[in-house]
Amino acid sequence: MRWICVLLISMFLSFGLTAQDQKKDGETKKEASQRKKEEKKERIEKQFKLTDSLLSGKRFVLEAHFLKNNKGERINVMSTLNFISIDSLMGVIQVGSPQRVGYNGVGGVTVQGRIINWKLEKDVNRKSFFLALTIQGNVDIYDISMTTDYEGYTNATLNGINTGRLTFEGNVVSKQETSTFKGQVR
């Protein structure tokens with residue numbers, strides 16, 4: 001029993017020592033704190049510029065991790081099947097589920113259309129973006145409003161003329177980084 005206590009105490013002490021702030025030689029606590037703040041600010045600025053280039057370049061995919069319907073029910077979904085994809089003048093909206101077979105072959109609906117409105121605003125102080133766009137599909141017209149933080153986390157609300165409201169929550173990634181699977185367009 002003693003050995004277990006000694007082992008546990010030594011583990012806690014070793015974890016505690018490694019978890020402390022690592023300061024550079026001759027650096028005071030205040031200088032270390034200031035250095036960390038500057039590093040964080042640089043990292044945020046770098047992420048903000050990367051997200052800005054994705055949104056401004058009009059070539060990105062919002063991979064949804066959650067969908068929220070007009071009743072407020074939040075559902076965990078597969079990001080490979082639930083996404084909004086923007087490629088210059090064209091957009092794709094897809095909702096799918098691996099448990100069912102839908103109109104698109106992946107358990108839901110896939111709509112493709114051209115983008116007819118595009119308005120991107122960025123807030124440099126808050127390091128965030130607001131994007132409003134409209135995708136004109138064969139069956140319906142979809143208004144999408146997106147709020148994105150500097151890291152690319154996005155909350156996008158989709159309103160269709162003939163359909164209800166649906167909210168996508170997820171991350172914006174480049175077209176090269178995405179792992180989405182597009183179903184058949186109806």
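Reader: In which sense do strand β6 and β7 pair, and over how many bridges?

Author: The model is predicted: local features need pLDDT of at least 70, side-chain atom pairs count only at pLDDT 80 or more, and totals for chains, interfaces and linings use all residues. Residues are numbered from 1 along each chain as its sequence is written, and side-chain values use heavy atoms, without hydrogens and water. Strands are DSSP E runs of at least two residues, helices H or I runs of at least four, both numbered from the N terminus; two strands pair if DSSP finds at least two bridges between them. Strand β6 (residues 128-136) and β7 pair in the antiparallel sense, over nine bridges.

Reader: Which residue in β7 does Ala 132 stand opposite?

Author: β6 and β7 form a hairpin, with four residues between them. Across this pairing, the residue opposite Ala 132 is Ser 145.

Reader: Which residue in the turn between β7 and β8 has a positive phi?

Author: β7 pairs with strand β8 (residues 153-160) in the antiparallel sense over seven bridges, and Ile 144 stands opposite Leu 158 in β8. Three residues lie between β7 and β8 in their hairpin. The turn residue with a positive phi, of about 100°, is Gly 152.

Reader: Which residues form the covered face of strand β7?

Author: β7 spans residues 141-149, and its uncovered face holds Ile 141, Asp 143, Ser 145, Thr 147 and Asp 149. The covered face consists of Tyr 142, Ile 144, Met 146 and Thr 148.

Reader: How many helices and strands does the chain have?

Author: Along the sequence, the pattern is α-α-β-β-β-β-β-β-β-β-β. The chain therefore has, by the DSSP runs defined above, two helices and nine strands.

How values were computed
Buried < 20%, exposed > 50% of the residue type's maximum accessible area, 1.4 Å probe, protein only.
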